[in-house]
Amino acid sequence: MEFAKSILAALVTLLLIGTPEQGAKPAGTTGAANDRTQPERPRSRVELPPESTGRVVHVKAGGDLQAALDAAAPGDRITLDAGATYKGPFRLLRKTGDGWIVITSAGQLPPRGRRVSPQDAARMPRLVSEGNTVFEAMPGAHHYRLVGLHISPADGTYVNTLVQLGDRERTAEEQPHHIVIERSYLHGDRSKGSRRGVALNSRHSAVVDSHLADFKEPGADSQAIAGWNGAGPFRIENNYLEGAGENVMFGGADPSVPQLVPADIEILRNHMAKPLRWKAGDAAYEGTQWSVKNLFELKNARRVLVEGNVFERVWTQAQNGFAILFTVRNQDGGAPWSAVEDVTFVNNVVRHAGGGVNVLGKDDNHPSQQTRRIEIRNNLFLDIGEPWGAGRLFQLLDGTSNITIANNTALQTGSILFGGDHAPHAAFVFQNNIAPHNEHGIIGSGTEPGNQTLARYFPRGVVRGNVIVGGSAGKYPPENAFPGSLDEAGVAHLRRGELRARAAQASRGAGRSAGADAGADIAQLLRAIDGVTQLESPRPKDAGRTPDATIAIAMFWLFAGLLVYVYVGYPLVALLRARLRPRPIARAVERRYHPATIPFPDRRVHPLAPRVSVVVVAYNEASSIEARIENLLALDYPSNQLEIIVGSDGSTDNTVELARRYQPFGVRVHTFNRRSGKPAVLNAVVPHATGDIVLFADARQRFEPATLRALVANFADPAVGAVSGELMLETAEGTGNAGHGAAMYWRYEKMIRSAESRADSTVGATGAIYAIRRSLFAPIPEDTLLDDVLIPLRIVQQGYRVVFEPAARAFDRTSATAAQEFGRKARTIAGTFQLFSRERWLFNPRRNRLWSATMSHKGMRLLLPVLHAGAFVANVVAASVWPYQWLLAVHVVFYTAAIAGALQRRGARRTKLFTVPYTLCLLCWADIVGFYRFATDRQPVTWERLPASIPAASEPRPTRRRVAA
């Protein structure tokens with residue numbers, strides 16, 4: 001008897017599944033079938049059972065659902081309280097009889113044929129688990145309907161597979177069968193995910209009218225629905241299906257039933273998508289890198305109908321971004337009978353994807369059967385390529401057979417068809433399609449586009465009736481059309497998102513074969529996908545992209561990139577260069593005069609004390625000149641080595657008389673009757689200085705006692721020609737926002753100068769405190785606006801370094817008003833324009849060893865108004881394209897904050913959120929005014945200072961209200 005049962009089981013298996021391709025023909029495959037060129041449709045389908053009218057068993061919240069399942073008889077209807085939670089896992093047992101056992105909600109559910117959504121969850125009971133499954137169908141379990149259920153992991157937990165219909169059964173008759181999941185909401189945990197929604201390792205099973213979402217896993221494949229050990233038939237219809245790896249997949253593991261190929265599969269009217277919150281770089285991205293591969297894949301399947309579906313959103317991540325894969329795989333090497341054959345892919349929309357369809361002729365890892373008889377007809381491929389991936393429309397690899405691609409319309413950014421790099425393809429048909437040629441058109445590895453590729457990879461293939469936009473007629477077979485643009489081809493409206501029944505009419509007749517029209521029949525396709533999902537623009541993010549918008553986007557990123565470089569990029573480059581390639585200074589001062597944070601070596605012999613001449617240029621400084629001289633005389637430096645020279649630039653008050661009181665202490669006073677400006681005074685005074693080192697100072701600052709020693713210590717290094725000190729700005733009570741903004745700016749500027757100094761030299765010095773070797777001084781033009789930049793740069797030109805010494809500190813007050821700060825900045829900008837217009841050697845990298853720093857630190861800052869305005873204007877032009885409307889909103893917020901900063905400048909309270917934008921805009925306006933003054937020669941070399949008080953010599957050391965420049 002047992003022997004007879006074994007023989008009977010073997011016969012049933014052969015009839016249902018078939019024998020291997022090698023040495024025998026698959027079940028149901030005759031010699032005539034092998035000669036077919038068109039795919040065979042599914043032989044049988046899953047019919048949905050009528051509503052149950054049997055006994056009703058109600059399980060209240062908190063009741064024992066598993067006990068009810070165990071006790072249920074065929075025909076019973078088990079109802080559960082809507083909104084209640086039932087904790088599993090639950091087992092579906094094998095029963096005797098063919099009546100349907102229904103597990104459903106006691107609440108009111110949507111009617112059959114209407115897909116549920118997460119909003120319907122309140123009508124459903126929730127079934128959860130913390131184990132490997134929520135529902136598991138035991139071997140041979142049959143005739144179960146899961147209707148209107150909310151199935152998920154317990155909150156915060158990971159469940160491998162929510163509904164497991166079979167797994168490792170060894171024969172087809174052991175597999176669960178006649179199981180339907182209908183109008184149910186299945187989802188993984190939002191943060192932890194789940195590997196799989198439904199495992200279809202069964203027979204005669206269906207998933208219909210349901211919503212499956214959040215099936216995802218990092219580093220592993222995950223699917224909404226997958227089957228590898230089920231014989232079929234299967235029906236997957238009118239669902240929303242969301243899976244990170246493959247939304248739906250058949251194959252992917254070796255079946256434990258010998259010779260099994262899942263068959264008779266219907267994939268109808270589903271919406272398969274991946275949410276953008278899984279896409280790194282998108283505004284919606286949630287931060288977890290789930291393993292994203294494709295939307296639909298067949299690795300082991302036959303007689304498959306895929307019709308009326310919308311596939312959307314897949315990008316290059318764990319795979320190369322193809323949406324649809326027909327890639328035969330003997331996954332683990334134990335199923336050489338694996339095949340992908342008799343697949344009909346019709347009336348579908350594929351959009352927002354890195355690539356279209358990828359077909360593999362044979363498994364390139366293990367032995368398999370040849371992929372054959374696939375028809376891809378009357379589909380619409382939209383937005384294939386950037387930013388989702390490379391944009392290849394069709395890819396055929398490793399010797400396929402009987403692949404027909406016909407009457408499709410596509411808008412892709414890459415090639416139309418890639419033939420692979422190994423075996424050619426037999427009985428290939430490419431007919432009546434519309435697609436842009438782009439760069440490569442039809443191409444293969446090692447061959448030129450067009451006829452050469454067709455001869456190598458598609459011998460005796462049929463390529464006719466196609467509309468190849470932008471292609472060259474001379475490179476392709478006759479009977480194809482080559483319009484010059486999408487408008488001429490009649491499909492430009494698809495790029496604008498106008499998906500209408502008239503869409504293909506303009507192109508009809510452009511390429512004909514046997515009376516068939518080129519491109520998809522959009523009216524037929526729309527009927528097939530009616531109600532699947534809303535068909536908005538094919539590329540929502542770029543629907544408004546016009547040629548002007550494209551140019552504007554490029555200009556926006558150019559301007560934005562330069563702005564980022566000026567404000568952030570160059571400072572980071574300077575810091576990195578100072579860290580990786582520091583150039584130490586051989587100083588001659590003890591460490592107590594230098595912060596330990598600056599890694600300069602010391603010469604610990606004797607402190608260096610060369611003769612120093614301090615030059616102070618003054619104009620009407622009666623209120624501060626005495627305090628200034630007192631401060632200089634109090635410096636910690638040998639008095640016999642210190643000379644103080646005051647140059648009065650045409651003062652009309654008693655500055656000269658007050659300064660002459662200090663002549664007994666070695667102070668020399670030079671008077672000039674006509675006011676000529678600081679450069680003229682320096683030209684006249686410096687040649688008469690007796691010091692080896694000349695220190696330039698203003699009349700209104702105060703030096704710390706150790707400042708002079710710290711400065712001159714750097715001159716022990718013969719490569720140093722000039723040293724700039726650090727200006728410390730105090731913000732007094734009543735200081736406006738511009739003053740606070742200036743203080744922040746000086747901290748930023750100090751960071752850059754310090755980094756430049758550690759690597760080589762600063763570009764310029766601080767006018768309030770910098771010293772040079774007297775022998776390196778050369779007269780400068782008397783109308784020079786920035787002596788503290790020109791003199792140091794000319795010293796650099798002579799081969800010396802200009803370094804920054806943070807231990808040499810001068811103190812001053814910030815500008816009290818916006819007008820003062822604006823005037824200072826406008827003068828600086830005018831002087832910078834003057835500098836570049838006269839010192840042309842600065843533009844030559846061969847003559848200016850600080851060329852990169854000069855252009856980045858000084859030159860590009862002159863362009864800030866142009867860059868800001870250019871970025872804003874380009875953003876306005878590009879605002880019709882996502883996400884540039886959001887970036888425009890950021891622009892508006894920035895300038896609104898600047899206006900708010902301007903309005904609060906007279907107030908007692910200030911907000912940094914407004915101060916920074918206000919200060920940046922103020923500096924940009926100063927750039928414009930400075931350029932105007934330079935261009936019209938309206939910036940005088942003399943500078944009328946507004947009243948300000950000097951920090952008194954008796955003041956204490958800097959308090960916390962003082963900020964470093």
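Which strand does H211 lie in? Hello everyone, let me start there. H211 belongs to strand 15, which covers residues 211–215. Please keep in mind throughout that this is a predicted model.

So, is H211 buried or exposed? Its relative accessible area is 11%, and the cut-off for buried is under 20%, so H211 counts as buried. If you set aside the neighbours within four places in sequence, H211 has contacts with V116, S117 and P118, with S184, Y185 and L186, and with Y240.

Let me step back to the whole chain for a moment. We have 965 residues, and 59% of them count as buried. The chain holds 19 helices and 48 strands. Looking at contacts with a separation of 6 or more, 78% come from residues 24 or more positions apart. The accessible surface comes to about 38,100 Å², and carbon and sulfur atoms make up 55% of that.

Now for a residue with another setting: Q331. You'll find Q331 in the loop that runs between strand 25 (322–327) and strand 26 (340–346). Its relative accessibility is 28%, so Q331 counts as partly exposed. What does Q331 touch, leaving out residues up to four places away in sequence? The partners are G252, A253, D254, K299 and H366. Take K299 from that list: it sits 32 residues from Q331 along the chain, and the two C-alpha atoms are 8.2 Å apart.

Seven of its eight residues are buried, so helix 11 is largely enclosed by the rest of the structure. If you want to click through them, the buried ones are K678, P679, A680, V681, L682, N683 and V685. And what covers them? The cover includes strand 40 (612–618), strand 41 (642–649), strand 42 (667–672), strand 43 (693–697) and helix 14 (787–797).

My last stop is a helix pair, helix 17 (residues 864–877) and helix 18 (residues 884–903). Their axes come within 9 Å and cross at roughly 140°. Antiparallel would need an angle over 145 degrees, so this pair is classed as oblique. The crossing of helix 17 and helix 18 is left-handed. From helix 17, the residues in the contact are H868, A871, F872, N875 and V876, and they meet Y884, L887, L888, H891 and Y895 of helix 18. By type, the residues of this contact are seven nonpolar, three polar and no charged.

How values were computed: Residues are numbered from 1 along each chain as its sequence is written. This is a predicted model: local features need pLDDT of at least 70, side-chain atom pairs count only at pLDDT 80 or more; totals for chains, interfaces and linings use all residues. Side-chain values use heavy atoms; hydrogens and water are left out. Axes are lines fitted to C-alpha atoms, for helices over the stretch in contact, and angles run from 0 to 180 degrees between N-to-C directions. Helices (H or I, at least four residues) and strands (E, at least two) are DSSP runs, numbered from the N terminus. Angles under 35 degrees count as roughly parallel, over 145 as roughly antiparallel, 65 to 115 as roughly perpendicular and the rest as oblique. A crossing is left-handed if the near helix is turned anticlockwise from the far one by less than a right angle, and right-handed if clockwise. Contact means heavy atoms within 4.5 Å. Ala, Val, Leu, Ile, Met, Phe, Trp, Tyr, Cys and Pro count as nonpolar, Asp, Glu, Lys and Arg as charged, and the others, Gly among them, as polar. Buried means under 20% relative accessible area, exposed over 50%, partly exposed in between (1.4 Å probe, protein chains only). Accessible areas come from the Shrake-Rupley method with a 1.4 Å probe; for residues, only the protein chains shown count as cover.
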